[in-house]
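Subject: Structure for you to look at

Hi there,

Here is the structure I promised to send over. Have a look at it first, and then read on for my notes.

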Amino acid sequence: MLSFCMNIDRGCLLCTGFFETHSHLFCECHYSRTILNACPIAVSTVWTDICAGGILVNQVDTIRDNIAYLYVAVAYYHIWAERNLRLHSPGQYNQPIILIRRIKDVVRSKLVVSKLFTRFARQDFTLNSFL
């Protein structure tokens with residue numbers, strides 16, 4: 001919007017405390033961190049790590065790696081949608097816990113129909129905790 005010379009508030013619509021940048025919106029913002037910290041697999045909240053493809057904090061097996069990437073992708077979608085809701089419908093907002101539930105529901109619905117996940121879950125019962 002700034003590149004179109006529009007006069008807009010550059011403050012973060014989620015926390016109202018800082019300038020809204022990609023780094024802040026998806027990693028540094030308290031609202032986003034709360035959502036990312038709810039991922040059952042530890043994910044990075046450092047923007048440079050994420051840009052370099054380093055989403056995971058610790059080394060995990062392939063299936064957990066895929067679950068973490070799915071969670072982060074769905075989380076970013078919902079964080080962006082919440083930001084746009086607040087931009088275009090002032091006064092309407094969702095608490096992070098609402099988005100966390102939605103994100104986990106989407107992830108769960110994707111995992112339930114995944115043949116790969118089902119095959120791995122038969123061998124590793126701990127994966128059922130993601131459902």
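Let me start with T16, which counts as exposed because its relative accessibility is 68%; exposed stands for over 50% relative accessible area, buried for under 20% and partly exposed for anything in between, using a 1.4 Å probe and protein chains only. T16 sits in the segment before α1 (22-28). Its phi is near 60°, a positive value in a residue other than glycine.

Before going further, please keep in mind that this is a predicted model, in which local features need pLDDT of at least 70 and side-chain atom pairs count only at pLDDT 80 or more, while totals for chains, interfaces and linings use all residues. Residues are numbered from 1 along each chain as its sequence is written, and side-chain values use heavy atoms, with hydrogens and water left out.

The C-alpha atoms fill a box of roughly 55 × 30 × 25 Å along the principal axes. Of the 131 residues, 37% count as buried. The accessible surface comes to about 8,200 Å², with 58% of it belonging to carbon and sulfur atoms; areas come from the Shrake-Rupley method with a 1.4 Å probe, and for residues only the protein chains shown count as cover. Among contacts (heavy atoms within 4.5 Å) between residues at least 6 apart in sequence, 49% join residues at least 24 apart.

Next, the helix packing. Helix α2 (residues 30-37) packs against α5 at an angle of about 35°, and their axes are 9 Å apart; the axes are lines fitted to C-alpha atoms over the stretch in contact, with angles between N-to-C directions running from 0 to 180 degrees. Y31, T34 and I35 of α2 make the contact with P96, L99, I100 and I103 of α5. The crossing is right-handed, meaning that the near helix is turned clockwise from the far one, whereas a left-handed crossing has it turned anticlockwise by less than a right angle.

Also in α2 is S32, which is buried because its relative accessible area is 0%. Not counting residues up to four places away in sequence, S32 touches L14, L25, F26 and I79.

A52 lies in the loop between α3 (47-51) and α4 and is exposed because its relative accessibility is 69%. A52 and L85 are 33 residues apart in sequence and 29 Å apart in space, C-alpha to C-alpha. Q92 lies in the loop between α4 and α5 and is partly exposed, at 46% relative accessible area. Leaving aside neighbours within four places in sequence, Q92 contacts L85 and R86. Q92 and E20 are 72 residues apart in sequence, with 19 Å between their C-alpha atoms.

Finally, what about V113? This residue is in the loop between α5 (96-112) and α6 (115-123) and counts as exposed because its relative accessibility is 65%.

Happy browsing, and do write back with your thoughts!

Best wishes

How values were computed
Helix = DSSP H or I, 4+ residues; strand = E, 2+ residues; numbered from the N terminus.
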